[in-house]
Amino acid sequence: MSSPDDVNTSTIAEMEETIARISSHKGVEGVMIMDRRGATIQSTLDEEQTKTHAAALSDLTVKASFIVGMLNQDDELTFLRIRSKQREIMISPDKEFLLVVLQNPNPSE
């Protein structure tokens, strides 16, 4: 995982706190924080999963943002949620970062 030079120590500490808080919720399988280009800053996934998810989800977020802006120039993507039978992926884009949460939508099963 890379740690881009523009991310300061207090921001990293805040990210780690956020990851710990989100990870404690039932059903959460992984949390990633990436820059807007898809470079991973923090992740609870293994290295292979992190690389795979980072590339695909950053591209998806760019495309979803484009579509939202194309449909209405005054609008912007604030949250993206994808749910399948086995997994739910939630992406919260920010000016600088993407927060990605992967969870089991049926944690009792």
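**View 1. An open sheet of five strands.** In this predicted model, five strands line up as an open sheet in the order E2-E1-E5-E4-E3, with antiparallel pairing. Strands are DSSP runs of E with at least two residues, helices are runs of H or I with at least four, and both are numbered from the N terminus; two strands pair if DSSP finds at least two bridges between them. E2 (40–43) and E3 (80–83) stand at the edges with a single partner strand each, so one side of each has no neighbour in the sheet. From one strand to the next, the twist averages 15 degrees; angles run from 0 to 180 degrees between N-to-C directions of axes, which are lines fitted to C-alpha atoms, for helices over the stretch in contact.

Residues are numbered from 1 along each chain as its sequence is written. As the model is predicted, local features need pLDDT of at least 70 and side-chain atom pairs count only at pLDDT 80 or more, while totals for chains, interfaces and linings use all residues; side-chain values use heavy atoms, leaving out hydrogens and water.

**View 2. Strands E4 and E5 side by side.** Here E4 (residues 88–93) and E5 (residues 97–103) run antiparallel, joined by six bridges. Look for Ser92, which stands opposite Leu99 in E5.

**View 3. Two helices on the sheet.** Helix H1 (residues 9–23) packs on the sheet and touches E1 (28–35), E2 and E5, contact meaning heavy atoms within 4.5 Å. The direction of H1 makes about 160 degrees with that of E1. Helix H2 (residues 47–71) also packs there, touching E1, E2, E3, E4 and E5, at about 65 degrees to E1.
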